[in-house]
Structure formats: C-alpha cells, structure tokens
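Welcome! Take a moment to look at it, then read on.

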Amino acid sequence: MAGTVVALFAHPDDEALLTGGTLAMLAAQGHRIVFVVATDGALGLASEELRSCDLAATRLVELEASARALGAAEVISLGHSDSGHGAELWGDPPGRRRFVTVPVDEVAAQVADIVRHEGAEVLISCDARGGYGHRDHIHVHQVGRRVRELTGVRLLEATAPREPLLRALRLVGRVRRFRNGFDPSEWEHAFTPRREITHRISIGRHLRDKQSAMRAHFSQTTGGESSGGRTLASVLRLPPVLSRLVLGREFFQEVGVDATPLRTAVFEVTR
C-alpha cells in the first residue's frame, strides 16, 4: 500500500546526494513524495557570476527540476534565508531571518502542519551532526526531532557511515592536488558511526535518476577551488564503476529503532 513521505532539507540540492536514489525508488513504487526546503540557498558556493544575480531564484528552479527527476509530487519552500557555512553568521537580510535564528518550535510547527495535511507516514530529515557540520543542517535535524514529538511520524535521518568516509578522505588528503589546507581530522565527528545506522538502501536502477537530480543543481558545480571546491561537481565526474560504488547505496538512522537488523527498505513489504 502506497504511503506519503515528507522530505525536509535545509537547502536546494540537499535532497540529491544523500537521498535522491531512495526518493526516486519510493516515487516509482507509488509513494507520494513531498519536498520541504527550509532556506533559499542564496549563500551556496556558486560562481561569482551566478551569485551576482538572483541565486535564490536560480536554486529554486533547480530544485523543481530535481524534483521532476526524482518523481516528487510537490515542492514546498518555507522561505527562510540561508545561514551559510563557516565561522561568520551574516546578519538577517531586510525583512527576513537566517534559518538558524528561527526558533525550532516555530519551524517545527510549519513542518508538522505539512506532515498532518499530507497524512505522511515518514519524515526524512538530517542526522545529528548535520552531515559535515553545516549549521542549517543541524537546525533541520533539531526541527525534525521536534516534528516527530508533535506528530508521531516515523523519522529517518539521512546520513552516511563515518568510518569508510574517513578512510576515503585520508586517502584523498595524501593526494597533492587535494591538499590545499584539507584536514581529514575535521571529519572525525561527521555523519554517523556505522553501528548506529538502521537502513542501507541499494538504489539500483535509480542511480541515473539520482545523477539527473544532482545535475539539475548546476549552480552548485560552479564554485571552484577558491570557494572550497564543489563536492557535487567532483562526484558527477566519477567514472561509472566508481559512481556505482560511491552513490549506489544510501543510509539512514531511524529514530527510536534498533540498528539490528539492518533494514534494506523504507517501507517493509508485508504479506
């Protein structure tokens, strides 16, 4: 029986890399997928040319294209301002608020209303560490936890297993062209220890849908090394064998559920 999944993200493009294949698979199975994006993504690491235009509008168009690639039924923007990543938190734009300055309860009430209206069985959100520590991702995590308290919805937090990621980053750190101040130790507390992961989803033939969603976010492939490099651009350049290895499985931690046994589907089939 088909259900509804509300997928809550901090920025346009967050849906593609960690959850795109799972969302495409769920949509293909007949589930209704609703994207909720908290911020406008206006501080994303795009090229100067794109940043000088209306980057927020560009990123919303990109998100709509990604939603079509993944089979999402609806995209809802909460309209908060991107808080940016780094030591400095910029002041609020005129008449608006940076997402991290908006109280968790206020945002959670917005999202809870959507969950109730949609009759959603599952909410997808972000892990406790905000993946790599982005302040907006951490705020989304806190909002997701509060929405679960308000609605009782199943909550799956998108993540990745920390240990293999660290091993890969240490190898990358030994390659001269990637050094440039790169320190793998900064990632020692990123994402989630393998033992805490509850779901490992093999996305199979939906890898192409995921890659199409990633390509839709063209602006986020243009930042260049001067902006800290672009993970999206680097991953899209991987050869097919490595793409399947790196992108072919997605991981979640379901709140309130034991990590054993490791689950391989969001909705278990019952007969």
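How many bridges join strand 2 to strand 3 (residues 74-80)? There are five, and the two strands run parallel. Please keep in mind that this is a predicted model.

- On the strand 3 side, Phe35 has Val75 as its bridge partner.
- Strand 2 is also joined to strand 1 (residues 4-9), by six bridges, and this pair runs parallel.
- Within that pairing, Arg32 in strand 2 stands opposite Thr4.
- To get from strand 1 to strand 2, the chain passes through helix 1 (residues 14-28), making a right-handed β-α-β crossover.

**Leu70, in helix 3**

- You will find Leu70 in helix 3, which spans residues 55-70.
- Leu70 counts as buried because its relative accessibility is 3%, under the 20% cut-off.
- Setting aside neighbours within four places in sequence, Leu70 is in contact with Glu15, Gly20, Leu23, Ala24, Ala27, Phe35, Asp209, Lys210 and Ala213.
- Phe35, one of those contacts, is the residue whose bridge partner in strand 3 is Val75.
- Leu70 and Arg208 lie 138 residues apart in sequence, while their C-alpha atoms are 9.7 Å apart in space.

**Ala190, in a loop**

- Ala190 sits in the loop that links helix 7 (162-173) and strand 6 (199-202).
- With a relative accessibility of 6%, Ala190 counts as buried.
- Beyond its neighbours within four places in sequence, Ala190 is in contact with Arg129, Gly131, Tyr132 and Arg162.
- Gly131 is 59 residues from Ala190 along the chain, and 5.6 Å separates their C-alpha atoms.

**Helix 6**

- Helix 6 is made of 17 residues, 135-151.
- From its first C-alpha to its last, helix 6 reaches 24 Å, close to the 24 Å expected at 1.5 Å a residue.
- Which residues of helix 6 are buried? They are Arg135, Asp136, His137, His139, Val140, His141, Val143, Gly144 and Val147.
- Just past the end of helix 6 comes Gly152, with a positive phi of about 75°.

Technical notes:
Residues numbered from 1 in each chain as written. Predicted model: local features only at pLDDT ≥ 70, side-chain atom pairs only at ≥ 80, totals over all residues. Heavy atoms only, no water. Helix = DSSP H or I, 4+ residues; strand = E, 2+ residues; numbered from the N terminus. Expected span 1.5 Å × (residues − 1). Buried < 20%, exposed > 50% of the residue type's maximum accessible area, 1.4 Å probe, protein only. Contact = heavy atoms within 4.5 Å. Pairing = 2+ DSSP bridges. Right-handed = clockwise from strand over helix to strand, strands pointing away.
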